[in-house]
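Open the model in a viewer and keep the sequence panel beside it. The stops below go from one selection to the next.

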Amino acid sequence: MTAPTENIKVRRVDFDVSKIIRYYSNNNIFGTHYINAMHIVFPEGEKFFIRSAKRYLDQIKNNPTLVDRVKKFIGQEGVHHKEHEKFWNILEGMGLKPYRLAKIYDTIAFKYLENGLFKLLPKKRAELLALSVTTAAEHFTALLGDGGLRSNPFGDLSPDVKLLLQWHCAEELEHKSVCFDLYQEVGGDYNTRVAGMVIASVLLWFFLFGGQMYFVANDKEKDWKKIPSDFFEFWKAFLNSEGVNNIGKMYLDYYKKDFHPDDHDNYQLAEDFFKEHQAYFEKMGVAV
Ligand SMILES: [Fe+2]
Ligand SMILES: [Fe+2]
């Protein structure tokens, strides 16, 4: 099964999240700050994905379909980081210091690690490893997309935030195989693919949960009495959601030599999401 090219659409969405309440996820401190960490980690990560894929665009000689899919992947990721960055000013207004966290993340992940990689390795090796980290991270976002649409682990969210997250989930599913196919097309080997996954696994969870803790620590209005119950409820919801339970097996599939993202049959989840919310997006002036 291959994702038809026409299923990847760049939708110029514009969500209104200006009126979100402080604890917009289930009124839970940990749940909200976990999603707040995503608003910081995803945008810079997506800019890295775009850089890593773009380098290879003019090396694809006889596969116009793949060129088209890579361009649409770049288009979708461009809109994703723009929408998540909308939260930065809102969080700044809440005194949560998102810009400082973004600077710390940028310095560690991109100034030191990404640049260090390019200084340490020959250019071609570094470019391939960067693409393999991107391919692995795209596997993660597809897993999160699957989980987010299948069972809504975010709980009771402000409607616009929920639709923004699920729109992102759906588009991650639509383009989940693009970087993988690009990696294969440019001759990426299995060992580098696994190395990319090890790096992505460590960094993604480090920054997501580190970011969550950063926001909890910087949240001067948190109710200390709610900390133990919110912490327990966040982890209970997170670990018990159907989507998260699937993630373990789907994650490990990536290590199979003959794995392909299309082995996971979940394009339908994205299609169903856009069908269900067609009117909402049309009101925004976006054809789904
Ligand atoms: Fe994305
Ligand atoms: Fe993506």
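At which residue does H3 bend, and by about how many degrees? Select threonine 107: H3 bends there by about 30 degrees. Keep in mind throughout that this is a predicted model.

**Helix H3**

Now colour the buried residues of H3, which are Pro98, Leu101 and Tyr105. These buried residues pack against helix H1 (29–54), helix H2 (64–93) and helix H7 (190–218).

**The whole chain**

Zoom out. The chain has eleven helices and zero strands. Its radius of gyration is 19 Å, close to the 19 Å that the globule rule gives for 288 residues, so the chain is as compact as a globular protein of that length. Along the principal axes, the C-alpha atoms fill a box of roughly 60 × 45 × 35 Å. Of the 288 residues, 38% count as buried. Among contacts with a separation of 6 or more, 86% are between residues 24 or more positions apart.

**Helix H4**

Select residues 123–151, which form H4. At 1.5 Å a residue, its 29 residues should span 42 Å; the end C-alpha atoms are 42 Å apart, which agrees. Is H4 largely enclosed or largely open? Of its 29 residues, 22 are buried, so H4 is largely enclosed by the rest of the structure. Step just past the helix to asparagine 152, where phi is positive at about 45 degrees.

**The nonpolar core**

Next, show the largest nonpolar core, which has 63 residues. The members that touch the most other members are Val41, Ala53, Leu131, Ala170, Cys179, Leu182 and Ala200. H4 gives the most to this core, with twelve residues. In soluble globular proteins, nonpolar side chains tend to be buried together.

Pick alanine 170 from that list. Leaving out residues up to four places away in sequence, alanine 170 touches Gly145, Leu149, Ala270, Phe273 and Phe274.

**Phenylalanine 274**

Is phenylalanine 274 buried or exposed? It has 21 other C-beta atoms within 10 Å and is therefore buried, the threshold for buried being 20 or more. With residues up to four places away in sequence again set aside, phenylalanine 274 touches Ala170 and Val288. For a distance across the model, draw a line from the C-alpha atom of phenylalanine 274 to that of tyrosine 34: the two are 240 residues apart along the chain and separated by 25 Å.

Most residues other than glycine have a negative phi. Two further stops have a positive one.

- Asparagine 27 lies in the segment before H1. Its phi is positive, about 55 degrees, although it is not a glycine. With 15 other C-beta atoms within 10 Å, asparagine 27 is partly exposed.
- Lysine 97 is in the loop between H2 and H3. It too is not a glycine, and its phi is positive at about 55 degrees. Lysine 97 is partly exposed, with 16 other C-beta atoms within 10 Å.

Methods: Residues numbered from 1 in each chain as written. Chains lettered and ligands numbered in written order. Predicted model: local features only at pLDDT ≥ 70, side-chain atom pairs only at ≥ 80, totals over all residues. Helix = DSSP H or I, 4+ residues; strand = E, 2+ residues; numbered from the N terminus. Expected span 1.5 Å × (residues − 1). Buried ≥ 20, exposed ≤ 12 C-beta atoms within 10 Å, placed from the backbone. Bend = angle between axes of the 7 residues up to and from the residue. Contact = placed C-beta atoms within 7 Å. Core = buried A, V, L, I, M, F, W, Y, C linked by C-beta atoms within 7 Å. Rg over C-alpha atoms; globule rule 2.2 N^0.38 Å.
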